[in-house]
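Welcome! Let us take a slow walk through a protein model, one part after another. Have a look at it before reading on.

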Amino acid sequence: MNSSLKFFGGVETVTGSKHLLNINGANFLVDTGLFQGEKYIDKKNDEPIDLDILSIDAIFITHAHLDHCGYLPYLIRKGYRNKIYATAETLELMKVSLEDSAKLMKNKKESKHYYDQNDVHRALLQVEVVKWEKSLRIKGVEITYYRASHILGSSFVNFKIKGESVTFSGDLGRYHSIMQIAPQDLCDTDTLIIESTYGNRDHADANAEDKLADIITDAIKYKRTVLIPAFAIDRTQMILHLLTKLTAHSNLQIPIVLSGSMGIKVTEIYKRSSEFLKISEEEFENIFKRIRIIEHSNDLENFLVKSQGPQIIVAGSGMMSGGTILAHLEAFGQDANNVIVFTGFQANGTLGKQLLNGDMNVRIENQEIKVFEVQSKIESIEGLSAHGDRNDLLRWIKSGRKVPQRIFVIHGEDDAREAFKEFVEKNTESSAICPREGLLYDI
Ligand SMILES: [Zn+2]
């Protein structure tokens, strides 16, 4: 029987990953991501998708980012009752990210409420934990998870029947990350579906640590408050690790504040799972000793009134589209002495992107609507991405015993996908294709 692939998102854009694999008569859905970013992409969550939820035999989640799992409680609300598979670390992180997602939907008057905490709870109960390299069998198909090293628990997933093998990369990490150990070698596979977020780029070899040291030195000298908007999963832990390391030097001592419950919960999960990371449990303990935590709204209000520089505040969300960073922006961002430091990708349509573009007149919805002009300086630190660049991706494609025959390039803007398709065909024997959303591909 022929196998086929159909993509419902995360193809021509980096968000909304939902991929249907029909193999050996079984329907498997790999990832259930929300579309995020610009309003027109958000709207895509509302479009009815040509997917019969009741025909899905199992769902496989590659990792806990919302653009890969944020649609899951909605499928539960729509009646999906079969198993969902994920690693233990992904399950822990999904609990945090999905609960936060439901909370954000509830708080944002303008956005649609796709699900609530009840749906999240039911979704998590349907998850069966899988271990890396321990295969399971469903409808005659052998399924195996492997470590992808993008964030904690992230995986690439292989589906195998006699004479056929299909692998989804999920989001793939880097070979030289500050925090994650390298991804596992690619398993034997005929067909590979691979992400291409940075398919047309090489990561800048910028030394993030040196840049951060300069920012701390200036902050101490000029009594600055430094705001670092950071993604709660992975980036926050990486930044806290770098800050803890740097501020151990006597000339770089400065108070470090971690604000927001999601970043705190995720850092605790990372600490418990440090066996899969380059940062030890002891180093995580040092982080907790070193930082001041602001979790509750009373503490936050108190802090905003009383605190002053020099200090560094790490808070979510990473693109300033919500979270406690907005309260800090309002309190500290109107002072020209302070600085806002971006450490990650800022999508079009987000407040982070607006500030990076130099448009300082902001309107934020932080319980009530606030309008003001940001006066602080804007800085950016490159080189901390959790995605492999095109050389990492190619190295991984070649890391197995054989190179896949067919490669589907997904999860990238069109220019990145096309460039990576060419890059793959130039450097391997594989034939590559950039599939389109909603079309059926025989494999
Ligand atoms: Zn991801």
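First, some ground rules. This is a predicted model, in which local features need pLDDT of at least 70 and side-chain atom pairs count only at pLDDT 80 or more, while totals for chains, interfaces and linings use all residues. Residues are numbered from 1 along each chain as its sequence is written, and side-chain values use heavy atoms, with hydrogens and water left out.

Let us begin with the metal. The zinc ion is coordinated by His 63 (NE2), His 65 (ND1), His 150 (NE2) and Asp 171 (OD), at 2.2 to 2.3 Å. Donors here are N, O and S atoms within 2.8 Å of the metal (3.2 Å for Na, K and Ca); water is not among the atoms, so sites may look incomplete. Along the chain, the donors follow the spacing H-x1-H-x84-H-x20-D.

Why is the arrangement around the zinc ion irregular? The four donor atoms subtend angles of 90 to 167°. Four donors count as tetrahedral if all angles lie between 85 and 135 degrees; four count as square planar and six as octahedral if opposite donors are over 155 degrees apart and all others between 65 and 115; anything else is irregular.

Buried means under 20% relative accessible area, exposed over 50%, and partly exposed in between (1.4 Å probe, protein chains only).

Now for the sheets. Strands pair if DSSP finds at least two bridges between them. Three bridges join β7 and β8 in the antiparallel sense; Arg 137 has Glu 142 in β8 as its bridge partner.

The other open sheet has six strands with parallel pairing, ordered β14-β13-β15-β12-β16-β19. Here the edges are β14 (291-294) and β19 (377-380). Strands β12 (residues 225-229) and β15 (residues 311-315) run parallel and are joined by five bridges, with Pro 229 partnered by Ala 315 in β15.

Finally, two residues. Thr 144 is found in strand β8 (residues 141-147) and is buried, with a relative accessible area of 4%. Its side chain makes a polar contact of 2.7 Å with the side chain of Ser 135. A polar contact is a pair of N or O atoms within 3.5 Å; within protein, one must be able to donate a hydrogen and the other to accept it, and residues adjacent in sequence count only if both atoms are side-chain atoms.

Lys 353, in helix α12 (residues 351-356), is partly exposed at 25% relative accessibility. Leaving aside neighbours within four places in sequence, Lys 353 is in contact (heavy atoms within 4.5 Å) with Gln 346, Ala 347 and Asn 348.

Definitions and conventions: Helix = DSSP H or I, 4+ residues; strand = E, 2+ residues; numbered from the N terminus.
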